[in-house]
Amino acid sequence: MLTKDNDFTGRGNDNEIIAGVLFYLNSSSPVACKSISFSMNGTSKLNDVDSIKIYSTGATNHLDPRTTADASLLGTATPQNGEIVCSTNGIFPPGTNYLWLTYHIKGTATEGDTVTASFLSLTTANEVYKITQFQPQGGRVILLSRKLMYAPGDLGSANYRIPAILTAPDGSIILANDKRKDNQGDLPNDIDVMITRSINGGQTWLAPVTIAQGQGVGKGYGDASLTLAPNGDIICVFVGGPGLAASTPTNPLRTYICRSSNNGQTWTSPKDITDQLYGSGCSDPIRKLWYASFCASGRGLLTHSGRIMLVAAVRETSSSKLSNFVYYSDDNGYTWNVSDRAMLGGDEAKVAELNNGNILMSIRHDGGGARYYNLSSDNGVTWGAVSSWPELTEPGCNGSLIRYTSTKDGYDKNRLLHSIPNDATFRDNVSVFVSYDEGKTWPVKKSICTGSSAYSSLTILPDGTIGAYVEENDPISLYFINFSLSWLTNGVDVFTKPK
């Protein structure tokens, strides 16, 4: 049986899995593997590949490209046309043997090129096995970067989820996510909020730091959102405690803020702002009766006027039904106010500022279908009638909405970006959409993960390329992805800095 990942890779990636084969040895004793032959036919440019390695993981159907610690290196090869015969040095035990063909992608590889491979034959000490069935189709498309950040089991944690990404004032890339220590489930499970930082455009990453550490079931934290403040601070807003379903006015799911004044290097201790928002400790007579609230993870908004906005999903009563409200601050995130309701029956949502000053809200469509949106003409305080975008079909999932460029800032075009799983039923195919008319239509889209994928968060890097932090696979792993506007639009549109 032959398998291959028809997805993406990134510049500089080593041990990138291009093809895999399950070889079953029907023998009572181990057999030496003498050579494996394969072809690179379909690869755009041989010069995109630096070197080739073939590994065995025995009966284990998994190879971690970051370490290869549990794999045996069978042989190496150099890129070339035609059939490549790789001499190997390994022993196959009886039964199942998984083999992996990997590439080291050059740091100068061309974005948008494809790398691929096909196994042809395997020669043991006793026999030559032709691999003629289940030949793979397609290949991996090269992006500027695609790096596996966290996978199940990393740092002793069972799972990782809930990505958020932000570009700091100094150009650093800041990632936030949940470290779900015991399982993949939401609060009230034992969850930490982690921050990871890159100071070189995502090429390498510093060791993660924990800014909110869970202390067991019912004492965890999660669902982080990252936002810039007018004074240059970065604020990370998240929740903690009993979880959405168990939250009540007297024992609410609590909202916290951590703050960094040095581009994400260090963070303050969590500050509880729940009483400003809702629950029995709130002074507002209506909101003190609310049952639960959490801000949608990912990205918040800083407007030109200096207002910080986050969209909350709120249980106003004991019902499980959610509504959307904006939590906003006009003093760098120290005190908070609450808008009128934007949607009854909404869920996780994001906001962006339009050129005319209106605020556009994109709202998760639970149950699948066209994503909802709403508009505010008074800086996010009151909201109009809810509409939907037919192009933005989703299965009911969190996404990202950000401003890319604005003519008000000197750019050539107005551009908004939106990411969601573009499937009406399943959390698959996270795609990035482009709007050129301030969110009225979304004519451009491209997948950045063709398979199982869910939450995503977007940012713009200092060089004008696009960064994404994305949940992929099941169980979920978190990937940092970087690509250009030119690749996203198939060369039709190119990022140009203002003159």
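Visitor: Is Y129 buried, partly exposed or exposed?
Guide: Keep in mind that this is a predicted model. Buried needs a relative accessible area under 20%, and exposed needs one over 50%. Y129 comes out at 26%, so we call Y129 partly exposed.

Visitor: What kind of aromatic pair do F23 and Y129 make?
Guide: A pair of aromatic rings is described by the distance of the centres and the angle of the planes. Here the centres lie 5.0 Å apart and the planes meet at 75°. Planes over 60 degrees apart count as edge-to-face, so the F23 and Y129 pair is edge-to-face.

Visitor: How many residues apart are F23 and Y129 in the chain?
Guide: Look at the strands they sit in: F23 is in β3, while Y129 is in β11, residues 128-130. The pair links distant parts of the chain, and the separation is 106 residues.

Visitor: What about Y373 and W389, are they stacked or edge-to-face?
Guide: Their ring centres are 4.5 Å from each other, with 20° between the planes. Planes under 30 degrees apart count as stacked, so Y373 and W389 are stacked.

Visitor: Which strands does that Y373 and W389 pair tie together?
Guide: The two residues are 16 apart in sequence. Y373 belongs to residues 369-376 and W389 to residues 387-394, so the strands tied together are β31 and β32.

Visitor: What are the relative accessible areas of Y373 and W389?
Guide: The cut-off for buried is under 20%, so Y373 makes it in as buried at 19%. W389 is buried too, and its value is 1%.

Visitor: Which ring does the charged end of R146 sit over?
Guide: A charge counts as over a ring only when it is within 6 Å of the ring centre and within 35 degrees of the ring normal. The charged end of R146 is 4.1 Å from the centre, and the ring belongs to Y479.

How values were computed
Residues are numbered from 1 along each chain as its sequence is written. This is a predicted model: local features need pLDDT of at least 70, side-chain atom pairs count only at pLDDT 80 or more; totals for chains, interfaces and linings use all residues. Side-chain values use heavy atoms; hydrogens and water are left out. Rings of Phe, Tyr and Trp (its six-membered ring) pair if their centres lie within 6.5 Å; planes under 30 degrees apart count as stacked, over 60 as edge-to-face and the rest as tilted. Helices (H or I, at least four residues) and strands (E, at least two) are DSSP runs, numbered from the N terminus. Buried means under 20% relative accessible area, exposed over 50%, partly exposed in between (1.4 Å probe, protein chains only).
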